[in-house]
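User: I'd like to learn how to read a few features in a model like this one. Could you take me through it step by step?

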Amino acid sequence: MKAWDAIVIGGGHNGLVNACYLQRAGLDVLVVEKNDWVGGAATSRELTPGFLYSNCSYVCSLFRPEIMRDLELPRFGLQVISYEGGAVFTRDGDYLANYRDHDAHRREFARFSKRDAEAYDRYSRDVTRQCRFIQPLLMRTAPDPTSFRPRDLGELLYLGKKFAGLTAEEMVLTLRFWTMSISDFLDEYFETDVIKANFAISGIIGTALGPMSPGTAYVLLHHYMGEVDGSVGAWGYARGGMGSVTKALAASFKASGGTIRTGSEVDHVLIKSGKAKGVVLAGGEEIFGKLVISNADVKRTFLKLVEEKELPDIFLRRVRNFKIRGSSGKVNIALDSLPEFPALPKDSPVYRADMHFTDSIERMERAYDDWKAGRWSADPFLDMMIPTTLDPTMAPPGKHFMSCFVQYAPPKIDGREWTAADRDGFAESVISQIADYSPGFRDRIVHMEVRTPREIEAEVGLTEGNIFQGELTFDQLLFNRPVPGYAQYRSPVGGLYMCGSSTHPGGGVMGAPGRNAAAEILRDLAKPTLHMSPAHDVI
Amino acid sequence: MNRHVKIKSARSAAQSHFRTLRLGTPFQPRIDALGLKQDWYSWAGYRAPHSLWDEELEYFAIRSQAALFDISPMTKYRIEGPDAEAYLDRVTLRDVTKLKPGRVHYTAWCDDEGFVLDDGTLFRLSSTRFRLCSQERHLPWLLDSAIGYEVSVEEETEAVAGLALQGPTSFAILRDAGFAGVERLKIFDLAEFAHDGATITISRTGFTGDLGYELFVPADKALSLWDRLMAAGELRGIRAIGYTALNRARLEAGLIVANADFTASEHAIRADRLRMPDEIGLGFMVDPEKGHFNGRRAILEARARKKLHHVLVGLEIEGNIPAEHAIVYYRKSHEVGLVSAAMWSPMAKRNIALASLQRPYGDTIVDDLWVEIYAMRELQYQKLMKKAKVVPRPFIKLDRRTANPPADF
């Protein structure tokens, strides 16, 4: 019977990136995907005729350009377009916009505070410095600090040197940054509620923490270290929705000879004498492979796909305790016309930007309080945008797709499973918030898809619907991600690797975990990695 | 109009700035009319002219007649209160207690690490009232530094328009325009004058190394001031100019520009780009005798420990090809710095430049310095290795700049 060189479980972006690099290294690779389509959480789905939904992830910035280039993704249809800044609507009928033009940005902030307007340069300098420190670490395997292998020592030295290269002031800031709450961090620069709320957004997205929780400053950094074609920190739309990313990856994979089997859910990893030998599908079919690489999160991989007896106790305990908490949901809406927001001038670029209705950190924190109590937020935080204002391929002319990322949504309601009624109540909290700022909004809705953590876990497979496959808190980063001692994409089971966002450097549609895992696998196979570009220089 | 509607319309007026990414200054109607080249750049978000009709001739207007240059986009802070002097003494490098009312000085200010935040001019309008002009914006820094002082700091960039009138006939134009008493202004003096029912400030200052004045006027009186000067200057060759011409004049005068000749500390992402005053030729401003000021400890420590890594120098380069952004070498091979501004000086008839060098080069080692000029000629670099000599700044010294009474051309 055929034994594949490698079987990748899950056709999400990291699984496909990993598969592409392995296939291009000469391996015979099979990707098995439980859904009838590939993409994981980077999909474009036509759930109502004529409308494509980016129904999980919805914007693109973190995806590494080195990967796009190595895997020739533009040739396979990937195009990322920058969008305008964003805005926070205020409850008194105004809004705070973020404009791309530096001086317009300052003037807009000066409408609320002249001081804050002039504080932006220093804020931006400090955050940029931190990004530049972190960025080169994304495309490297985190060192194992307990190992004395020359490679690990070398990587540790690299990390140490980078840290030592900081000035005393920067070092202080770095340590503060990695441990502070975004609220405390912003207090050092800004005084105005809406301006702080505007920047705090990146500190809470995808995270089961409030803006006042320590560790959220780093989450902001995670959202800032991407780029659109060299414009660091910028965000864009994948033309055709986020599915274009994985569609291009799948096409690149197939073009290099790879095989994808959709509609094939893995029941468990086949393990013999502590070594992975393949996978067994839900229907009982056995597929043999010399290596198995899991794109699923670390909990799903080791608590569902691998038998407990194959794993060391401490590893198992740490996997169980790995924080991968559901905190967000998604409402995807097809609209028969562009919504109006009376607070916005009709010609405002904000229509082509991300929009928010939470105008203070206090309100964000109260929304988080609901999560802690096991409820969806009565006054939710929304990250809302209408990609069809820039992307003509996702809806018929004049009609629009609106993506609403919603926080907070707990994995369970008062300790019990979500029900259909809960889901409707959650959707209503979102729609009523939008309608408060956009009269007649409900009448424009053609179709709507509501996804609570329950739906996201059921369809995509992300445990608790956590978009990052694990919190981006400092205790779960670098050589501690996902589990100390197993941060280099290998696992306690021989031949079983991890390549999902549960691994370094974490979540977002970045591709770096998939790429880094491929580099480790090829190292173990003593295969060359010449087809993998080194990380772009940060100069 | 009821109150609610009023608030709404004021708000939508304020919001509408997104439709005009490059604002006009209060002088814009006049400048637009003269901007034959439509050659604009963004100066702090304002539409400012690189050149209006001919950058060479605009430069010669500065040196031969009088040139009118709009400085409204410059950042201006009004600093007022019984503690204003003590406060500014603490914020800036120079001794403000020596700055008498009616005087102006060129100064700079640093962060707590002693790195230069910006340079600018400080106008002492009265014993308790100052105006600080700068390239960059510093309100959070100025407000934080004001804690504990009885002083108010207000940003007034938009409220106050500014003009630089520079060149040999500038005095005669002001006198002919009817600003009686302007002849009494010595270099770095300022005084208030009546104009169109308002009060304006005229100082004998400028950025050209020439005889010249700067005028600050409430924004709503800007156009009538422009017209008054243009009318008075008609027979004295007055011309409006753009930044390219001014930039040449300032280089001849040996003056530096923030974020062109050094990186202001709030913009420096790379830690090694930060500069202390001694590293950009502003060490003379540091007054260790005057008591505490922001950055004092760090600057004095760097001096004591000889930790000043850079030096900004004036260079005279052989030949006549400008060495803009050329790399500076020691013995033609060892890289020691970078030219930040360079030109052939029409007034000095020399090829001049400003450069930042790594000490000891430019400091104790000044011989055997070279610049490598990449001159693009018809799609080919002509690479030239030219000898450079460290020379004192300014590159030109014009007696008319300081002559009293000012010459009447």
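This is a predicted model: local features need pLDDT of at least 70, side-chain atom pairs count only at pLDDT 80 or more; totals for chains, interfaces and linings use all residues.

User: What does B:Glu214 touch, leaving out residues up to four places away in sequence?

Analyst: The list is B:Ile71, B:Gly162, B:Ala164, B:Ser203, B:Thr205 and B:Gly206.

User: The record also has a domain annotation. Which residues of chain B does "GCVT N-terminal" cover?

Analyst: The unreviewed UniProt entry gives residues 56–271 of chain B. Over that stretch, the chain is 25% helix and 31% strand, with 38 Å between the end C-alpha atoms.

User: How do I read a helix with a buried side? Take α14 of chain A.

Analyst: Here's the general idea: an α-helix has 3.6 residues a turn, so residues three or four places apart point the same way. Now the case. α14(A) runs over residues 420–437, which is 18 residues, and spans 27 Å from first to last C-alpha, close to the 26 Å expected at 1.5 Å a residue. Its buried residues are A:Phe426, A:Ala427, A:Ser429, A:Val430, A:Gln433, A:Ile434 and A:Tyr437. Those residues sit on the same side of α14(A) because they cover an arc of only 145° around the axis.

User: Which residues of α14(A) are exposed on the other side, and what covers the buried ones?

Analyst: On the other side, A:Ala420, A:Ala421, A:Asp424, A:Glu428 and A:Asp436 are exposed. The cover over the buried residues includes strands β6, β15, β17, β18 and β19 of chain A, along with helix α15 of chain A.

User: How is chain B divided into domains?

Analyst: Domain 1 takes 22–74 + 158–252, domain 2 takes 75–155 and domain 3 takes 309–393. The centres of domain 1 and domain 3 of chain B, taken over C-alpha atoms, are 32 Å apart. Their contact uses four residues from domain 1 and seven residues from domain 3. On the domain 1 side, helix α8 of chain B (residues 243–252) gives the most, three residues. By class, that side has one nonpolar, no polar and three charged residues.

User: Last one: how many residues does each chain put into the contact between chain A and chain B?

Analyst: Chain A puts in 24 residues and chain B 22 residues. On the side of chain A, α3, α4 and α6 each supply at least two residues. The largest share, ten residues, comes from α4(A). Sorted by class, the side of chain A has six nonpolar, three polar and 15 charged residues.

Notes. Residues are numbered from 1 along each chain as its sequence is written. Chains are lettered from A and ligands numbered from 1 in the order in which they are written. Two residues are in contact if their C-beta atoms, placed from the backbone, lie within 7 Å. Helices (H or I, at least four residues) and strands (E, at least two) are DSSP runs, numbered from the N terminus. Ala, Val, Leu, Ile, Met, Phe, Trp, Tyr, Cys and Pro count as nonpolar, Asp, Glu, Lys and Arg as charged, and the others, Gly among them, as polar. UniProt positions are given in the numbering used here, feature names are shortened, and annotations may be inferred rather than shown by experiment. The expected span of a helix is 1.5 Å times one less than its number of residues. A residue is buried if 20 or more other C-beta atoms lie within 10 Å of its own, exposed if 12 or fewer, and partly exposed in between; C-beta atoms are placed from the backbone. The arc is that of the directions from the helix axis to the C-beta atoms. Domain bounds come from an automatic or database domain assignment.
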